[in-house]
Amino acid sequence: MATAQQVSQLRHAIDTRDLIGQAKGILMERYKLTAEQAFALLVRASQHSNTKLTEIASYLCRSGELPTGR
């Protein structure tokens with residue numbers, strides 16, 4: 001049972017990392033940012049809107065836009 005939970009957590013971590021990577025890539029291409037700058041922009045958007053980073057990344061990947069806030 002513990003192994004199944006570990007596998008599930010690992011899968012979730014990989015999926016989250018991929019999603020954030022895709023969002024960073026969008027920002028890097030669109031605004032000619034470095035990977036570090038793109039990640040910092042995602043973090044600022046997350047903090048400003050009090051929204052989880054993964055939700056910000058997901059919205060960006062779906063819509064092509066950063067959320068404007070809540």
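Which residue forms a salt bridge with E29? I will come to that after a word on the model.

This is a predicted model, in which local features need pLDDT of at least 70, side-chain atom pairs count only at pLDDT 80 or more, and totals for chains, interfaces and linings use all residues. Residues are numbered from 1 along each chain as its sequence is written, and side-chain values use heavy atoms, with hydrogens and water left out.

Back to the question. The partner of E29 is K32, with the closest N and O atoms 4.0 Å apart. A salt bridge here is a side-chain nitrogen of Lys or Arg within 4 Å of a carboxyl oxygen of Asp or Glu. E29 is exposed, at 53% relative accessible area, and K32 is exposed as well, at 66%. The cut-offs are under 20% for buried, over 50% for exposed and partly exposed in between, with a 1.4 Å probe and protein chains only.

The structure holds 2 salt bridges. In the other, R11 pairs with D15, and the closest N and O atoms are 2.8 Å apart. These two residues are 4 apart in helix α1, so about one helical turn separates them. R11 is partly exposed, with 48% relative accessible area, and D15 is partly exposed at 39%.

Next, the helix packing. Helices are DSSP runs of H or I, at least four residues long, numbered from the N terminus. Helix α1 covers residues 2-31 and helix α2 residues 35-49; they pack at an angle of about 110°, with axes 9 Å apart. Therefore α1 is roughly perpendicular to α2, a term for angles of 65 to 115 degrees. Axes are lines fitted to C-alpha atoms over the stretch in contact, and angles run from 0 to 180 degrees between N-to-C directions.

From α1, the contact uses I20, A23, K24, L27 and M28; from α2, A35, A38, F39, L41 and L42. Contact means heavy atoms within 4.5 Å. By class, that is 9 nonpolar, no polar and 1 charged residues.

Last, the core. The largest nonpolar core has 10 residues: I20, A23, L27, A38, L42, A45, L53, I56, A57 and L60. Such a core is a set of buried Ala, Val, Leu, Ile, Met, Phe, Trp, Tyr and Cys residues joined through side-chain atoms within 4.5 Å. Helices α1, α2 and α3 (53-63) each give two or more residues to this core, and α3 supplies the largest share, 4 residues. L53, one of the core residues, touches I20, F39, L42, V43 and S46, leaving aside neighbours within four places in sequence.

Methods:
Angles under 35 degrees count as roughly parallel, over 145 as roughly antiparallel, 65 to 115 as roughly perpendicular and the rest as oblique. Ala, Val, Leu, Ile, Met, Phe, Trp, Tyr, Cys and Pro count as nonpolar, Asp, Glu, Lys and Arg as charged, and the others, Gly among them, as polar.
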